[in-house]
Amino acid sequence: MENAQIASVPSNPLQWLEYLHSKLHRHRGQFKLFSEYYDGNHQKLVFAQARHMEQYGRVFERWRDNFCGLIIDSVNERLAIDGFRMTDEPDADKDARDIWQRNFMDAESNAGHLDAMIHGTAFAVVWADSDGRPTITLESAENVVVQYKPGSRREIEAAAKFYTDDWGRQWSTLWFANRVYTFQAGTFGWVSPTGARSAKNPLGEVPVVPLNNRARLVGDPISDLTTVIPLQDAINKIVSDALLASEYAAWPQRYVTGLEIVEDDSGSPVEPFKIAVDKLLQAEDPNAKFGQFEAADLGNYTKLADMLVQHMASTSRIPFHYFLNNGGVAPSGESITAAEAGLIAKTRERMLHFGEAWEKVMRLCFKVMKDKRAQAWSAEVIWRDPENRTESQHMDALLKLKMIGVPTDQLLSDAGYTPQQIARFKSMREDDAKAAMELAQKYPAPEPQHDSAALEAKKAATKPPQGNSGNAARKAVNPIKG
């Protein structure tokens with residue numbers, strides 16, 4: 001068994017490329033399915049019968065009632081990175097922020113988080129540009145695949161990217177810890193290693209970092225849509241049935257009995273009446289009786305759809321009021337904070353997983369720069385606060401934190417200010433103090449003028465009262481007169 005396993009391990013770059021390409025191909029269909037559900041291109045009437053599909057498939061081909069985008073976006077809109085702390089210094093790392101901004105990562109990281117939650121994973125590739133500066137590119141799981149070292153869930157042995165240029169030519173890049181290969185697809189597959197371009201990998205490790213949405217100890221990372229898709233299909237089915245019922249059975253059907261049926265020349269029955277608002281039904285036959293059937297109750301469809309939406313909200317940990325199944329009235333005050341507790345916990349869990357990946361990305365960037373911060377294992381990501389609170393509540397909480405000794409810079413960070421803004425605040429406070437000092441020197445305060453009458457009155461007021469001490473002294477000297 002061991003010899004068979006060893007023999008199955010690719011022995012050259014071309015074998016590695018073919019193996020990784022087949023591995024990507026196995027998962028690409030599932031990734032495209034998740035993308036279709038997020039985009040809303042998923043209406044397939046999964047639970048409908050064949051006859052229903054045959055008659056009404058075209059009617060509902062482009063219709064969908066999609067909640068998948070809401071489930072992903074409600075978390076992704078709360079994921080924002082303000083900076084990095086690469087060392088034990090309390091301030092944010094300026095060099096890390098420069099790397100982040102130069103690579104447009106404020107927007108690119110948002111796209112990476114979005115794809116990671118849809119597909120279960122996305123990838124960041126770190127390399128150097130022509131000037132030797134680090135570059136970060138985000139890649140979709142539909143184009144990039146990695147292979148971990150045997151027995152490891154973190155160390156990557158090889159990675160490959162497959163893409164098609166504007167001319168329709170297929171290319172691939174294969175990364176190892178020591179070398180990087182570029183292949184072009186030929187008529188009968190990928191070219192041989194002798195025809196591939198090869199270069200040394202100066203980083204000494206595979207420069208591909210997975211952004212895993214949620215990782216388990218076994219199995220692949222999990223998409224947020226995995227447990228939602230069956231519920232979404234059921235909601236589409238119920239709502240489409242409700243639309244059909246509203247077309248055919250939501251208005252009362254009338255009937256008449258005891259009336260002779262008239263047929264045309266072909267033997268088909270002739271409609272005896274033209275039903276309209278301004279029409280009156282009458283019959284000469286005294287035995288004729290008119291009546292109507294009750295219309296279909298669409299409320300049953302609504303109740304079932306609401307139940308499925310509630311299941312979806314519980315499964316995805318999205319607050320109920322996001323789906324507006326409570327009459328469209330959003331909670332307020334402390335009730336909205338309690339309702340969003342699950343969503344906030346879910347968002348912080350994503351921060352935990354994505355944060356580990358971004359810390360590794362930044363260490364690789366400093367490795368490109370040959371900087372000692374490439375070994376900054378205590379690095380941490382500065383995330384923006386995911387909670388939405390009223391300004392008065394937030395400021396009141398920060399003032400109470402200041403009373404127990406929390407530093408000003410930390411309070412400013414908790415208030416939502418970016419590291420750049422906090423740094424500017426320091427220079428602004430220095431400018432304000434300098435301006436106040438210059439004004440004090442230019443316009444000194446006038447000397448206080450002393451009023452002599454006021455001073456005498458003040459002295460008299462502070463003189464202790466004489467009281468009866470003089471009378472007591474005179475009695476002591478001349479007791480007879482006393």
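Over which residues does pLDDT stay under 50, and how many contacts beyond four places in sequence does the model have for them?

1. Confidence at the start of the chain. This is a predicted model, and the answer to the opening question is residues 1-7: pLDDT stays under 50 there, and the model has 0 contacts beyond four places in sequence for that stretch. Helix 1 (residues 2-8) has the lowest mean pLDDT among the elements of the chain, at 42. Where pLDDT is low, the predicted coordinates should not be read in detail.

2. Confidence elsewhere. For the chain, the mean pLDDT is 80, and 74% of the residues reach 70 or more.

3. The largest pocket. Its volume is about 1,300 Å³. There are 46 lining residues, and Tyr 148, Arg 153, Pro 210, Asn 212 and Pro 221 are the closest to the centre. By class, the lining has 22 nonpolar, 13 polar and 11 charged residues.

4. What builds that lining. At least two residues each come from helix 2 (13-39), strand 2 (121-128), strand 4 (144-148), strand 10 (208-212) and helix 10 (341-368). Helix 10 gives the most, with 8 residues.

5. Helix 10 again, now with helix 4. The axes of helix 4 (residues 68-76) and helix 10 are 9 Å apart, and the two helices pack at an angle of about 70°. Helix 4 is therefore roughly perpendicular to helix 10. On the helix 4 side, the contact uses Ile 71, Ser 74 and Val 75, while helix 10 brings Leu 343, Lys 346, Thr 347 and Arg 350. Sorted by class, these contact residues are 3 nonpolar, 2 polar and 2 charged.

6. Helix 5 and helix 6. Here the axes of helix 5 (residues 94-102) and helix 6 (residues 105-119) come within 7 Å and cross at roughly 75°, so these two helices are also roughly perpendicular to each other. Arg 97, Trp 100 and Gln 101 of helix 5 meet Met 105, Asp 106 and Ser 109 of helix 6. The contact has 2 nonpolar, 2 polar and 2 charged residues.

7. The second largest pocket. Helix 5 returns here: along with strand 1 (81-85), helix 12 (408-414) and helix 13 (419-442), it supplies at least two residues of the lining. The volume of this pocket is about 430 Å³. Of its 19 lining residues, Asp 91, Ala 92, Pro 419, Ile 422 and Ala 423 lie nearest the centre. Helix 13 provides the largest share, 5 residues. The lining has 7 nonpolar, 3 polar and 9 charged residues.

8. How many cavities of 30 Å³ or more does a search of the whole structure find? The search finds 1, and the largest cavity has a volume of about 30 Å³. Its lining consists of Asp 82, Ile 382, Trp 383, Arg 384, Asp 385, Ser 413, Gly 416 and Tyr 417. Of these residues, 3 are nonpolar, 2 polar and 3 charged.

Technical notes:
Residues numbered from 1 in each chain as written. Predicted model: local features only at pLDDT ≥ 70, side-chain atom pairs only at ≥ 80, totals over all residues. Heavy atoms only, no water. Axes fitted to C-alpha atoms, helices over the stretch in contact; angles between N-to-C directions. Helix = DSSP H or I, 4+ residues; strand = E, 2+ residues; numbered from the N terminus. Parallel < 35°, antiparallel > 145°, perpendicular 65-115°, else oblique. Contact = heavy atoms within 4.5 Å. Nonpolar A, V, L, I, M, F, W, Y, C, P; charged D, E, K, R; others polar. 1 Å grid on protein atoms, 1.4 Å probe; cavity = no way out; pocket = protein on both sides within 12 Å on 5 of 7 lines; lining within 4 Å. Points joined across faces, edges and corners; volume = space filled by probe spheres on them. pLDDT = per-residue confidence, 0-100.
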